[in-house]
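Reader: Hello! Could you show me how to read the features of a structure, step by step?
Author: Gladly; let us look together.

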Amino acid sequence: MNDTREYFNDVASRWDSMRRQFFGEGVRQAAMAAAGIEPGMTVADVGTGTGFLAEAAIEVGARVIGVDLSEGMLAQVTARLAGKPFEPRQSEPTSLPLLEGEADAVIANMFLHHAEDPPATIREMARALKPGGRLVITDADMHTHEWLRTEQHDRWLGFDRGEIARWFSAAGLEGVTVADTQEVCSPTSECGTKAAITIFLARGQKPLN
Ligand SMILES: C[S@@+](CC[C@H](N)C(=O)[O-])C[C@H]1O[C@@H](n2cnc3c(N)ncnc32)[C@H](O)[C@@H]1O
């Protein structure tokens, strides 16, 4: 997992332009709409990177806790969101620095395929939700682009939507849906292979009691 941290430290200053080549605004809009973010909410953006989702949540009027493994990414996002209601927190590879019940919403874009233990990570994210809070994850559907493991340190080659739904339910979330965003992730390999990986949006709500 230290490799993951080193990789993202290395690309942190270039991440915004890389991200624009990989996926577009539609993912962010879909995640924001599904999370139901409102002014005054506390939102945790896990694997925040340079703050793609965090920035949009702040624009709506939320306070954002930005969690990331990479100190390079956290330095970028902290500079970018200076003066805004944004709190950076560095995570360890297998645990999230979030208190039980501290977030109205937990959101994560393109983070889960880097997580060591995705179902355990989903449980951690659900634990951080207040009763009635929502977890929204956008990530890659299953694919066969092995080169993403070596070139971009992807740990998982996407996910099966049914499995994601089971992990959400096992984490105690209700009203679970896993839908298509109509968006694709389009990275290009060092030897020129261009991928077009569909992106799902998973949503679930913590029971009120
Ligand atoms: C593909 S980037 C996505 C960044 C951002 N969410 C976006 O949409 O632009 C994945 C991010 O997850 C972070 N990350 C990877 N493993 C992590 C972990 N175990 N805990 C927290 N963050 C992690 C990386 O440092 C990186 O910033």
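Author: We begin with handedness: a crossing is left-handed if the near helix is turned anticlockwise from the far one by less than a right angle, and right-handed if clockwise. Helices (H or I, at least four residues) and strands (E, at least two) are DSSP runs, numbered from the N terminus. Here helix 6 passes helix 8 in a right-handed crossing. This is a predicted model, in which local features need pLDDT of at least 70, side-chain atom pairs count only at pLDDT 80 or more, and totals for chains, interfaces and linings use all residues. Residues are numbered from 1 along each chain as its sequence is written.

Reader: At roughly what angle do the axes of helix 6 and helix 8 cross?
Author: Two packed helices are described by the angle between their axes and the distance between the axes. Axes are lines fitted to C-alpha atoms, for helices over the stretch in contact, and angles run from 0 to 180 degrees between N-to-C directions. For helix 6 (residues 118-127) and helix 8 (residues 161-170), the axes cross at roughly 45 degrees and come within 9 Å. Helix 6 is therefore oblique to helix 8 (under 35 degrees counts as roughly parallel, over 145 as roughly antiparallel, 65 to 115 as roughly perpendicular, and the rest as oblique).

Reader: Which residues of helix 6 and helix 8 meet?
Author: P118, P119 and I122 in helix 6 meet W167, F168 and A170 in helix 8, where contact requires C-beta atoms, placed from the backbone, within 7 Å.

Reader: What is the order of the strands in the open sheet?
Author: Strands of a sheet pair through backbone hydrogen bonds, either parallel or antiparallel. Two strands pair if DSSP finds at least two bridges between them. The open sheet has 7 strands in the order 3-2-1-4-5-7-6, with mixed pairing. Strand 3 (86-90) and strand 6 (174-185) are at the edges with a single partner strand each, so one side of each has no neighbour in the sheet. Strand 1 (residues 42-46) pairs with strand 4 (residues 103-109) in the parallel sense over 3 bridges; V43 has A105 in strand 4 as its bridge partner.

Reader: How many residues surround the ligand?
Author: There are 20, and the closest are F8, G47, G49, L69 and S70; near means a C-beta atom, placed from the backbone, within 6 Å. Helix 1 (2-11), helix 4 (52-60) and strand 2 (63-68) are the elements that give two or more residues to this shell.

Terms used
Contact = placed C-beta atoms within 7 Å.
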